Amino acid sequence: MRFFIWIVLLLQVLSVFAQSDHYNFYKLDNYGGLSHNQVNAILKDQDGFLWFGTVSGLNRYDGYGFKKFRHDPADSNSLPDNTIYSICEDRLGNIWMGTNAGLCKYDPSTGRFNTITLNKKLTAVQQVMAVNKDELMLRHERRLSLINTITQKEIPLSYKDSSG
């Protein structure tokens, strides 16, 4: 009986130490390195980085600080535009963004951005989403389309617009 009481007391003491009411939260904002406080999209990639798409560029957070990516007119391998609407990742680890100037792919192995031209022109892409291993679904110009990530060929999808 004494042994049973010691076990119960030991379990109660251990359960008190196992519970913690202390949580660490950190505010990520433009004072801490984020390029803008208006965040339109967030992604956690397969390497654990957090990506924030803002109206003032793309931000990669590694848990300690931000690396900012912005449009540079003198660099064809930079973002095509600073307004990022949507972010997703494909199976190869490429980061795809819907921007005000079109679809853009970031290749982490090279650190370069590549703008994908849809219908032979740059159009704003409001939403990009990986739907299977080699395709992305896009919403742009009140249209939906699939993009093959290997061939970068666009397949328009038809739908009925109820807004008139």
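This is a predicted model: local features need pLDDT of at least 70, side-chain atom pairs count only at pLDDT 80 or more; totals for chains, interfaces and linings use all residues.
Read from the N terminus, the order of elements is α-β-β-β-β-β-β-β-β-β-β-β-β.

**The hairpin of strand 1 and strand 2**

- Leu43 has Trp51, in strand 2, as its bridge partner.
- Between the two strands of this hairpin there are 5 residues.
- Gly48 takes a positive phi near 95° in this hairpin.
- Trp51 also turns up in the largest nonpolar core, among the residues with the most contacts inside it.

**The hairpin of strand 7 and strand 8**

- Strand 7 (residues 102-107) and strand 8 (residues 112-116) run antiparallel, and 5 bridges hold the pairing.
- This hairpin has 4 residues between its strands, and here Gly111 takes a positive phi near 75°.
- Across the pairing, Cys104 stands opposite Thr115 of strand 8.

**The chain as a whole**

- The protein chain has 164 residues, and 35% of them count as buried.
- Its accessible surface comes to about 10,800 Å², and carbon and sulfur atoms account for 54% of that.
- Taking contacts between residues at least 6 apart in sequence, 32% join residues at least 24 apart.

**Two nonpolar cores**

- In soluble globular proteins, nonpolar side chains tend to be buried together.
- The largest nonpolar core here has 13 residues, and Trp51, Leu58, Leu79, Ile87, Met97 and Phe113 have the most contacts inside it.
- Strand 1 (39-44), strand 5 (84-89), strand 6 (95-99) and strand 7 each supply at least two residues of this core.
- A second, separate core has 10 residues, including Trp96, Leu118, Val125 and Ile147.

**Cysteines**

- The structure holds 0 disulfides.
- Cys88 has a relative accessible area of 8%, so it counts as buried, the cut-off being under 20%.
- Cys104, which stands opposite Thr115, is also buried, because its relative accessibility is 0%.

- Ser35 lies in the loop between helix 1 (2-18) and strand 1.
- With a relative accessibility of 13%, Ser35 counts as buried.
- Its side chain makes a polar contact of 2.9 Å with the side chain of Asn59.
- The side chain of Ser35 also reaches the backbone oxygen of Ser56, at 3.2 Å.
- Not counting residues up to four places away in sequence, Ser35 touches Thr54, Ser56, Gly57, Asn59, Lys68 and Arg70.

**Arg91, in the loop between strand 5 and strand 6**

- Arg91 sits in the loop that links strand 5 and strand 6.
- Its relative accessible area is 46%, so Arg91 is partly exposed.
- Two polar partners of its side chain can be picked out: the side chain of Asp134, at 2.9 Å, and the backbone oxygen of Lys133, at 3.0 Å.
- Beyond residues up to four places away in sequence, Arg91 touches Gln46, Lys133, Asp134 and Ile150.
- Arg91 and Ala130 are 39 residues apart in sequence, while their C-alpha atoms are 8.7 Å apart in space.

**Gln152, in the loop between strand 11 and strand 12**

- Gln152 is found in the loop between strand 11 (143-148) and strand 12 (154-157).
- Its phi is near 60°, a positive value in a residue other than glycine.
- Gln152 counts as partly exposed, because its relative accessibility is 29%.

How values were computed. Residues are numbered from 1 along each chain as its sequence is written. Side-chain values use heavy atoms; hydrogens and water are left out. Two strands pair if DSSP finds at least two bridges between them. Buried means under 20% relative accessible area, exposed over 50%, partly exposed in between (1.4 Å probe, protein chains only). Contact means heavy atoms within 4.5 Å. Accessible areas come from the Shrake-Rupley method with a 1.4 Å probe; for residues, only the protein chains shown count as cover. A nonpolar core is a set of buried Ala, Val, Leu, Ile, Met, Phe, Trp, Tyr and Cys residues joined through side-chain atoms within 4.5 Å. A polar contact is a pair of N or O atoms within 3.5 Å; within protein, one must be able to donate a hydrogen and the other to accept it, and residues adjacent in sequence count only if both atoms are side-chain atoms. A disulfide is a pair of cysteine sulfur atoms within 2.5 Å.
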